[in-house]
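Morning, everyone. Please have the sequence and the model open while I talk.

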Amino acid sequence: MALREIAKLGNPVLRRMAEPVSLEELAAPETQQLIDDMIETMRAAAGIGLAAPQVSVPKQIQIIEIAANPRYPSAPTWPLTVLVNPEITFLTDERIEVWEGCLSVDGLRGKVRRTRRIAIRFLDRHGQEQHLELEDFPAVVAQHETDHLVGKVFLDRMEDMSSLAQIAEWERYWLADPALVTE
Ligand code: NI
């Protein structure tokens, strides 16, 4: 396994549509290596999700792992999951407000409204079809990561840019804000 460089805002790879992955391509050693490298890279960066375009591979692959975090003890956990060719269906019009950050957007957090409950279909890393229904924090993380596959970052989803904050100021002024936090 190897750490990969994380593409940062301004890199065009973050702004293009990612390609779907065929079963044959998914089984190929280089794709399995990519997935292993993404897991290592996400963990090294203390992230909870990472999409392939963030390591400069424009393919529809994302990984999510929400471990117990002492800073956010009420946040639910989600074991390591590899999602290939994910498709989201919104299950409600209800939305929740969350503070988001991103490994490709250093030093900033902003408030975004996301759909509270979704279904997501995807292939796992072995090519098996999977289907999950998610709500609240995991649903938000899945929407954030799936946005990376269509060239979007959380800044594009902010309806009001006035909440955009540098991390130190966010911790100073907004740490107690009841909205969920994801990064
Ligand atoms: Ni991100």
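This is a predicted model: local features need pLDDT of at least 70, side-chain atom pairs count only at pLDDT 80 or more; totals for chains, interfaces and linings use all residues.

Residues are numbered from 1 along each chain as its sequence is written, and side-chain values use heavy atoms, with hydrogens and water left out.

His144 and His148 both sit in helix H3, residues 137–148. They are 4 residues apart, about one turn of the helix. Helices here are DSSP runs of H or I with at least four residues, strands are runs of E with at least two, and both are numbered from the N terminus.

Are these histidines buried or exposed? His144 has 5% relative accessibility, so it counts as buried. His148 has 1%, so it is buried too. The cut-offs: buried is under 20% relative accessible area, exposed is over 50%, and partly exposed is in between, with a 1.4 Å probe and protein chains only.

What does His148 touch? Leaving aside neighbours within four places in sequence, His148 is in contact with Ala51, Pro53, Gln54, Cys102 and Val153. Contact means heavy atoms within 4.5 Å.

Next, the whole chain. The protein has 5 helices and 9 strands. From the N terminus, the order is α-α-β-β-β-β-β-β-β-α-α-β-α-β.

How does the radius of gyration compare with a compact globule? For 183 residues, a compact globule would be near 16 Å; the protein has 16 Å, so the two agree. That radius is taken over C-alpha atoms, and the globule rule is 2.2 Å times the number of residues to the power 0.38. Along its principal axes, the C-alpha trace spans about 50 × 35 × 30 Å.

Buried residues make up 50% of the 183. Of the contacts between residues at least 6 apart in sequence, 68% join residues at least 24 apart.

Surface and charge, quickly. The protein exposes about 9300 Å², and carbon and sulfur atoms supply 51% of that. Areas come from the Shrake-Rupley method with a 1.4 Å probe; for residues, only the protein chains shown count as cover. There are 19 positive and 29 negative side chains, and the centres of the two sets lie 3 Å apart. Lys and Arg count as positive, Asp and Glu as negative, and His and the chain ends are left out. Each charge is placed at NZ of Lys, CZ of Arg, CG of Asp or CD of Glu.

Two backbone angles to check. Ser56 has a phi near 65°, positive in a residue other than glycine. Ser56 is in the loop between strand S1 (49–51) and strand S2 (61–66). Its relative accessible area is 41%, so Ser56 is partly exposed. Asn85 is not a glycine either, and its phi is about 50°. Asn85 lies in strand S3, residues 78–90, and at 18% it is buried.

Stay on strand S3 for Leu80. Leu80 is partly exposed, at 35%. Beyond four places in sequence, Leu80 touches Ile39, Met42, Arg43, Ile64 and Glu65. Its C-alpha is 18 Å from that of Gln54, 26 residues away in sequence.

Last stop, strand S7, residues 129–135, where Glu129 lies. Glu129 is exposed, at 63%. Its contacts outside four places in sequence are Arg121, Phe122 and Leu123. Leu132 is also in S7, and is partly exposed at 30%. Leu132 and Ala119 are 13 residues apart along the chain, with C-alpha atoms 5.7 Å apart. Ala119 is among the contacts of Leu132, along with Trp78, Ile118, Ile120 and Phe122, again leaving aside neighbours within four places.
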